[in-house]
Amino acid sequence: LNVAGAGEMGGEAPDWEAEFWSYIGKGDGLHCPLYDHCEARLAGSLCGDECRETVNQLLYSEEFNTSSPPLPKCSTPSRLCRLIERLAQKYLSAGDIHTPPVPTGLVALADPRHTIEVRTIPLKVYHGAIWHLDGRWVIQTNENDPPAVRRLTIFHEAFHILAHSKTRPVFRKRGGEEGAFNELLADCFALCVLIPAQWVENKWAELEDVDRMAEMFDVPGQAMRFRLMSMGLIP
């Protein structure tokens with residue numbers, strides 16, 4: 001991990017990143033701020049606002065749920081999807097990460113000015129949470145989850161940390177629905193960091209096996225399956 005690259009995560013944001021955080025800051029967190037005029041959604045492409053619960057089930061279920069409604073393909077990525085992919089790539093580039101699996105130490109770049117500590121504890125309901133305590137961040141992951149799921153959780157929470165340093169986001173609080181769409185964005189960011197699209201295309205051409213791909217990227221099988229489905233590489 002190139003910690004020296006941490007400086008690239010700070011400073012003045014490029015126009016595309018400022019645009020992304022402006023959407024997050026102005027939105028209510030419950031729905032996509034671009035929903036009404038999203039050309040991708042209107043063209044029939046994957047819309048996270050309309051299938052966020054299905055996405056969550058696919059990512060965190062232990063087995064593939066055949067009763068879940070089929071997801072439309074992400075043939076025309078939405079503006080937010082393109083921006084979050086770009087944000088993840090910036091994050092990977094700052095850490096000088098170019099091959100899977102992505103090290104969890106990359107989470108340190110989410111806020112180079114403050115220590116980020118990861119604690120694994122027993123949680124009854126949630127996969128993870130973040131706290132800001134005494135000038136440092138604490139990410140909690142659930143010890144009852146498999147290690148690959150905890151990796152997904154770490155980078156989900158990293159998006160929360162990034163967002164809190166860039167804008168005033170609305171995230172879901174315990175027991176509430178507020179911020180549900182922004183939670184989906186955190187899941188998407190985790191996917192884009194751990195399973196970058198270009199890497200997937202290159203490795204899928206070589207392996208063409210979901211389980212081997214999941215092992216190579218060290219991610220839950222369902223997360224890899226969702227990524228492949230959303231990219232149109234598997235039905």
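Visitor: Which residues touch the most other members of the largest nonpolar core?

Guide: In this predicted model, Tyr91 and Phe155 do, out of the 59 residues in that core. Several elements each supply at least two residues of the core, among them helix H1 (15-26), H4, strand S3 (136-142), H5 and helix H9 (221-230). The largest share, 10 residues, comes from H6.

Visitor: Tyr91 and Phe155 also turn up where H4 and H5 touch. What makes H4 and H5 roughly perpendicular?

Guide: The angle decides. The axes of H4 (residues 79-94) and H5 (residues 147-166) cross at roughly 95° and come within 13 Å. Angles of 65 to 115 degrees count as roughly perpendicular, so H4 and H5 get that description.

Visitor: Which residues meet there, and how do they divide by class?

Guide: On the H4 side you will find Ile84, Leu87 and Tyr91, while H5 brings Phe155, Ala158, Phe159 and Leu162. By class that gives 7 nonpolar residues, with no polar and no charged ones.

Visitor: How do you know how H1 and H5 are oriented to each other?

Guide: H1 and H5 pack at an angle of about 95°, and their axes are 10 Å apart. With 65 to 115 degrees as the range for roughly perpendicular, H1 and H5 are therefore roughly perpendicular to each other. The contact joins Glu17, Phe20 and Trp21 of H1 to Phe159, Leu162, Ala163 and Lys166 of H5. Here the residues divide into 5 nonpolar, no polar and 2 charged.

Visitor: Why is the meeting of Arg227 and Glu85 called a salt bridge?

Guide: Their side chains come to 2.9 Å, N to O, and the cut-off for a salt bridge is within 4 Å, so the pair qualifies. A search of the whole structure finds 8 salt bridges.

Visitor: What makes Glu117 part of a network?

Guide: Let's follow its pairs. Glu117 meets Arg119 in a salt bridge at 2.9 Å, N to O. Glu117 also meets Arg136 at 3.5 Å, N to O, and that value too is within 4 Å, so the name salt bridge applies. Glu117 lies in strand S1 (residues 116-121) and Arg136 in strand S3, so this pair ties together parts that are 19 residues apart in sequence. Together with Asp134, the residues Glu117, Arg119 and Arg136 are linked in a network of salt bridges.

Visitor: Why are Glu117, Arg119 and Arg136 called partly exposed?

Guide: Set each value against the limits of 20% and 50%. Glu117 has 29% relative accessibility, Arg119 has 30% and Arg136 has 24%. Each value lies between those limits, so each residue counts as partly exposed.

Conventions
Residues are numbered from 1 along each chain as its sequence is written. This is a predicted model: local features need pLDDT of at least 70, side-chain atom pairs count only at pLDDT 80 or more; totals for chains, interfaces and linings use all residues. Side-chain values use heavy atoms; hydrogens and water are left out. Axes are lines fitted to C-alpha atoms, for helices over the stretch in contact, and angles run from 0 to 180 degrees between N-to-C directions. Helices (H or I, at least four residues) and strands (E, at least two) are DSSP runs, numbered from the N terminus. Angles under 35 degrees count as roughly parallel, over 145 as roughly antiparallel, 65 to 115 as roughly perpendicular and the rest as oblique. Contact means heavy atoms within 4.5 Å. Ala, Val, Leu, Ile, Met, Phe, Trp, Tyr, Cys and Pro count as nonpolar, Asp, Glu, Lys and Arg as charged, and the others, Gly among them, as polar. A nonpolar core is a set of buried Ala, Val, Leu, Ile, Met, Phe, Trp, Tyr and Cys residues joined through side-chain atoms within 4.5 Å. Buried means under 20% relative accessible area, exposed over 50%, partly exposed in between (1.4 Å probe, protein chains only).
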